[in-house]
Structure formats: structure tokens, C-alpha cells
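Hi everyone, thanks for coming. Let me put the sequence and the structure up on the screen, and then we can walk through a couple of spots together.

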Amino acid sequence: MVCKYLYKYLDGRLDWEDRRLFEDHLAHCPACLQQTSDWQQILTVAASLDNKDVGARVAPPSSLDVQRFETMARKRIEHLGRLSFLGRPLAVAIAAAVLLGIAIGVWKNEAPDTPHVAAPAAVSSRVAPHKSDTSGAPSQSLSEAPLVSPSATDVHFDTKVKELTGSETLHASAHNGQCAHMGPDTLCLFPKSRAEVMVSDKAHVVALQSGSAVFYVQPNETREFRVTTPLGTVVVVGTRFSVTVTPEHMLQVVVKKGTVRVEGDNEAAMVQKGAVARIVSEKSGIVTRLATWDELAAFSVLSKMIEEVPAKPLHLKSAKKPVVHDAHQLQDTAQAQSLKMLDTWRKEMIAGDVDGAIEGLLRYLQAHPNDVDARFLLATCHKRKGHPKEALALYQQLAQHQTLSVANRAAYLAGDVCIKQLSNPQCALQYFTPFLDHSGRDAPQRGEALYYKAEALLQLGQKKEATQILESVVHTFGRTGIGQRARNRLREIQP
Amino acid sequence: MIKQISKPPLAIDDSAVDATLVKRVQGGDVRALGDLYARYSVMVQKAVVRTMPRISDADREDLVHDVFLSLLKLVNKFDRARVFRPWLYGVAIKKTQNFRRKRSVRALLLRQRATNSEDNPVHPPADGQLENAEIMEKGLSSLPAGQKDVLILHAVEGFKGEEIAEILEIEINTVWSRLHRARKTMLQLLENEREEPGGHENGV
Ligand SMILES: [Zn+2]
């Protein structure tokens with residue numbers, strides 16, 4: 001019976017418990033065992049064949065190669081800095097648009113002591129630890145003027161979210177930002193910002209008079225979304241972007257996702273994601289360049305803010321796929337059906353509809369608070385969304401579970417999040433160590449846990465212990481993927 | 001969309017470090033890009049060679065540079081919740097395919113004069129008694145390209161199913177079915193060999 005799991009086992013996609021079951025089965029089933037060992041052989045041959053055909057022809061770059069490459073890259077950056085995104089056909093952009101959000105802001109060119117504005121120095125120190133290294137200060141060429149962008153870290157937004165209908169004036173105080181819904185669209189104004197908002201069936205128009213704002217805009221073919229500023233207009237084509245207007249009448253638009261059309265007095269430009277457009281004065285025209293990380297980083301925190309602020313869930317995916325499972329509906333469903341639903345959400349998640357999956361899982365968990373699988377899946381969704389902390393919190397709970405296999409699995413996954421997504425070696429050790437203590441010698445993922453424990457130790461400067469662990473991984477797991485990785489890592493850390 | 005893809009190289013899956021480097025590249029940090037280059041040059045070289053086995057060394061070098069330079073722009077499209085390594089592999093494949101397309105137009109023109117069998121590979125059939133390993137090598141090289149790509153990505157590069165789907169721009173189900181077909185063929189080959197030792201029917 002269990003034999004049918006053989007391929008899934010070889011694929012490496014049985015989950016924790018099933019793997020364990022299958023490995024028990026292997027001990028009693030010569031047929032499966034034979035195929036498993038044949039497969040190992042095939043993999044070994046495949047690897048050596050590939051190495052003969054391909055591996056022999058390539059070589060790691062010398063440090064001179066790397067330097068040469070960096071010189072080429074500097075030249076390329078200068079070139080890109082002058083790139084323009086003018087002249088893209090609008091219709092194409094509309095067709096390609098999927099998801100939108102916009103950030104609009106007014107950035108001040110003043111001394112960086114205003115509470116909601118961070119000095120560029122502070123921003124970049126947050127980003128690149130050794131960016132201040134000598135050697136040509138490469139990022140300079142991208143971010144010409146020291147324009148100060150809104151730093152999201154120290155900004156507070158009122159938790160009350162207004163629902164706007166008709167025309168209203170929004171005014172954010174000196175200390176707090178202000179968020180509002182306009183139907184499916186959401187906007188958040190930065191402190192000291194002011195905008196007039198007009199909501200109708202045909203258009204959502206925001207007249208940003210001063211300050212900065214972030215927008216999430218649902219794609220809508222029949223309703224226009226437009227942001228007007230003293231210097232120009234930003235038309236949403238399907239996007240997430242930020243607009244900034246300085247008191248000196250400088251307009252800056254940063255596009256995080258999708259495409260917007262920026263219209264100045266005499267020209268218009270399509271600005272695509274990852275780019276910045278600026279209008280410095282009425283006469284200057286539109287200048288575009290690539291956005292710097294700082295600019296995008298400020299935005300991404302803003303985006304997160306928007307996702308967290310609304311009292312009602314943001315339906316980023318609209319109502320195409322109904323994931324509505326009422327709690328009472330769920331209560332009388334059989335276990336089989338709930339498994340099926342978990343599968344549905346898993347598929348949704350893999351297909352990219354993580355929001356839909358999360359929404360469904362949260363409802364489901366209200367009715368089935370003890371469903372371990374649903375919790376694991378929810379954690380996976382959070383990881384997908386780039387919310388490792390939420391995932392970690394779930395794993396932390398699950399690691400306390402009374403069933404050892406559940407607790408072990410959660411501990412492993414918690415360690416995994418710590419090392420891979422949170423880059424926190426202490427946290428990783430805190431979970432991998434008990435996992436390794438409590439799981440059997442032949443537990444799945446043991447090799448990975450050892451490998452990443454070693455990685456955490458390396459990051460903490462404990463090279464000797466890490467080396468020992470890596471050697472044991474090579475020894476125990478030999479030709480498997482993790483064995484190879486450990487071998488490579490050893491080669492890397494040993495001169 | 002992509003039919004013939006390459007197979008990937010070994011690298012350290014160290015996504016946390018990658019994430020930091022990518023972040024810095026997004027800020028225009030050339031040194032971080034240099035770090036990524038140092039880290040993944042081998043993987044990208046392999047991706048290029050697997051996609052286009054007959055590429056010259058000089059072309060390969062240019063193409064690898066090109067892949068990493070293109071990151072300056074592409075990296076802004078990169079969603080940092082994703083894992084960098086498979087994403088980069090996918091970029092390398094696409095670049096190589098573009099290169100090959102352009103190249104093959106020119107090759108076509110040239111071939112009208114000199115007829116060489118540029119695109120017909122490889123591996124002459126071995127004669128005589130085949131060892132297990134040789135049988136398998138032969139079997140592997142006769143797998144359809146799509147199956148082989150998936151197999152190499154899975155077995156040699158250690159990518160997960162979902163990552164392979166992303167790299168090759170195919171459905172996850174296609175990944176599994178290709179892998180399964182390859183596996184079936186290969187296991188069958190070994191099985192046959194066991195049944196009639198000495199036979200060199202390399203039926204595929
Ligand atoms: Zn069996």
C-alpha cells in the first residue's frame with residue numbers, strides 16, 4: 001500500500017510524518033528499497049556525467065576576474081542612470097498590470113531634523129554595512145541629489161482608518177500619518193501632508209497638495225485613479241508607487257510595482273517599477289532613473305504599513321476565487337474535506353494567491369484551532385509573504401506541542417526561518433539544537449539542520465565547531481544534496 | 001514557454017546572505033554585485049553551458065558577465081521574499097536562449113555555405129559490454145531534453161520542485177511528471193540489466 005509513495009519520497013516531497021512512515025516501510029519492502037538505491041546510483045551517475053560535460057569546462061573566478069567585473073558594472077551603472085522610460089505604449093502597460101499600490105509623497109529638501117524624515121546617512125547605514133568602503137562609492141551615481149525620502153521606520157499612523165466617500169480633505173498632523181479607504185483602494189498620508197480626495201464611480205482622484213502618501217490601488221479598467229500635484233499628474237496604470245512633492249515644487253515618483261504615467265506640462269513618461277521620475281521645475285521636463293534601494297526600502301515599509309492598518313482585509317485579489325468557508329459550514333465537514341481544503345490553500349499559495357490562502361486558513365482555524373497542519377501551512381504562507389516573524393511565532397507555538405514529531409518539525413522550521421529569513425544565528429541555534437537532540441539519527445532534515453547549525457556557528461565566529469559539524473554532514477550524507485553543499489561550504493571556508 | 005532549458009550548478013544555498021547582497025545591489029552597490037558574481041559565477045557558467053553546450057569559451061565569458069550586469073536592472077523586479085539562487089538560474093537560461101536565438105540566425109546563413117552538423121550532438125553509441133554506469137550514462141544522455149533538465153536541476157543542483165517550475169517556467173505538475181518519466185526510464189534500464197546481465201539492449 002505504502003509503496004505508492006515511493007516517487008513522492010524520492011522527489012523529496014513527503015511531509016515530515018509521511019517520510020518517517022515511508023522509511024519504516026523501506027525496512028520491510030525489498031522492492032521499494034531496491035528502487036531507492038537504484039535511484040541513488042542514477043543520481044550519482046547523473047552528477048558525474050554532468051560534471052564531465054559541464055563542470056570540467058567552468059572555473060570559479062579569480063579575484064582579478066571579480067575586480068574586472070566590478071569595473072564593468074560601474075560603467076553600466078553610469079549608463080543606466082541615464083536610462084529613460086519614455087515612450088512606452090500605454091495600452092501595453094495596462095494589459096500587463098496586475099496589482100497596484102501607489103505611494104505618493106512630498107519630500108522635503110530641508111535639514112533632516114524633521115521627525116518623519118530620515119537623513120540619507122541614517123538610511124544607508126541601515127542598508128549596507130560595508131557600503132562605506134572606499135573604492136569609488138558606486139551608489140553615488142544612482143542617487144544624484146541628496147533628496148530626503150520619507151523613512152517609514154519612525155512614522156506612526158493612526159490606527160483608525162477612514163472610509164471615504166464623495167469629496168473630503170485629509171490632513172495628517174505633524175506626528176501621525178493618516179490612512180483611508182476609497183472603496184477597494186487605500187491611501188496613507190504621511191505626517192504633515194495634505195490632500196483632497198474625490199471618490200466616485202468613474203474616478204478616484206487625489207490632489208496631493210503637500211507631503212507624501214502611499215497608495216494601494218486595485219486594478220480597475222473602468223475607474224481611473226489619478227494623483228494630481230502642483231507640478232504634474234500621476235496616472236495609475238496598475239501599480240504601487242510613491243509620489244513626493246517638495247515645498248520647492250519638486251515632484252518625485254517612485255514606482256514599486258507596475259507602471260504609472262507621469263504627466264508634466266509638456267511631456268509624459270511611463271515610469272516602470274524600480275524607477276524614479278522627477279520633475280524639478282515646470283521647465284525641466286521629466287527625468288527618470290533607477291530607484292535606489294533606500295527609495296524602495298522606504299516604500300516597502302510603507303506598503304507593509306498599509307497591509308497592517310486596514311480594519312477590513314485588503315482584497316488584493318478581488319473576488320475571483322471565492323475562498324469563503326464559513327465557520328459553521330466547516331464544523332460539519334468531514335476530516336477528508338478539511339484535508340482537501342488544506343490542499344486547495346496549499347495550491348493557491350503555490351500558485352501565488354497567498355492572500356487568499358491566508359484568509360481561508362484564518363477562517364478555518366477559527367473553527368479548528370487545534371489543526372496542526374493548518375497552522376504549518378499558515379506559517380508557510382507567511383514565509384511566502386515575506387513575513388518571517390509571523391511564521392516564527394507560529395512555529396514557536398507548535399514547538400511546544402505535546403506530540404514530539406510535531407514539536408520537532410516546528411523546531412526545525414523555526415530554525416530554518418531564523419537562519420534563512422531573519423539572519424539571526426542565535427535564534428537558529430536555539431531551535432536547531434533541541435531539534436537535533438530530540439530527533440533520531442535517521443530523521444529527515446537532520447542533514448539540513450546540521451548544515452544550518454554550522455552556518456549559524458560560522459556567523460557567530462565559531463569556525464572550529466562549524467567545521468566539525470560540516471565534516472560530519474559530508475561523512476554521513478555523502479552524495480546527497482546536503483552532503484554536496486556541506487562539502488562546498490567546507491571548501492569555501494578553508495583556504 | 002521555455003522548452004529546452006539547461007541544467008544548473010552547485011552552489012551554497014545561503015539565502016540570508018543572498019538577500020543581504022541583493023538588497024545592497026538594489027541600492028546600487030557594485031561590491032555587492034561583485035560578491036554575487038564571485039558566489040554564483042560557477043553556477044551561471046554551468047547554466048550557460050548546459051543551455052548551449054557548443055558555446056565558445058569567449059562567448060560564455062561574455063554571456064556570464066552580461067547575466068550579472070543585467071542584474072543591476074533586473075534586481076529591482078526581484079521579490080526578496082523569493083529565493084535568489086533559482087531566480088538567477090532562470091535569468092541565466094533566458095539570456096543564453098536569447099543569445100542562441102540570435103546566433104542561430106547567423107549560423108543558418110553561414111551553414112548555407114559550409115554544411116556542418118553544428119546542432120546534432122554528441123555521444124556516439126558505445127559498443128560492447130556496458131558497465132552499469134555506462135548503461136546509465138547512455139540512458140541519461142538519451143532522455144528527452146526536458147526530462148534531463150529537470151533531472152539535473154533536481155539531482156545535481158538540488159533545487160526543489162517549485163523552484164524548478166519557476167526556473168523552467170513550467171507547471172509544477174510538469175516538473176513532477178518529467179522527473180517521474182525520467183525516473184521510470186532509468187529504473188527500468190537498470191531493472192532490464194539485472195534480468196539479462198550481459199545484454200546490451202539499451203532500450204529507452
Ligand atoms: Zn514498498
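Let's start with B:E169, which takes a positive phi of about 55° just after helix α7 of chain B. Before I go on: this is a predicted model, where local features need pLDDT of at least 70, side-chain atom pairs count only at pLDDT 80 or more, and totals for chains, interfaces and linings use all residues. Residues are numbered from 1 along each chain as its sequence is written, chains are lettered from A and ligands numbered from 1 in the order in which they are written, and side-chain values use heavy atoms, with hydrogens and water left out.

Back to α7(B), residues 161-168: how many of its 8 residues are buried? The count is 6, where buried means under 20% relative accessible area with a 1.4 Å probe, protein chains only. Those are B:G161, B:E163, B:I164, B:A165, B:I167 and B:L168. Helices here are DSSP runs of H or I, at least four residues, numbered from the N terminus.

Now over to the zinc ion. Its donors, meaning N, O and S atoms within 2.8 Å of the metal, are A:C3 (SG), A:H25 (NE2), A:C29 (SG) and A:C32 (SG), at 2.1 to 2.3 Å. Along the chain they follow the spacing C-x21-H-x3-C-x2-C. The 4 donor atoms subtend angles of 105 to 116°, so the arrangement is tetrahedral; that label needs all angles between 85 and 135 degrees.

Key:
Buried means under 20% relative accessible area, exposed over 50%, partly exposed in between (1.4 Å probe, protein chains only). Helices (H or I, at least four residues) and strands (E, at least two) are DSSP runs, numbered from the N terminus. Donors are N, O and S atoms within 2.8 Å of the metal (3.2 Å for Na, K and Ca); water is not among the atoms, so sites may look incomplete. Four donors count as tetrahedral if all angles lie between 85 and 135 degrees; four count as square planar and six as octahedral if opposite donors are over 155 degrees apart and all others between 65 and 115; anything else is irregular.
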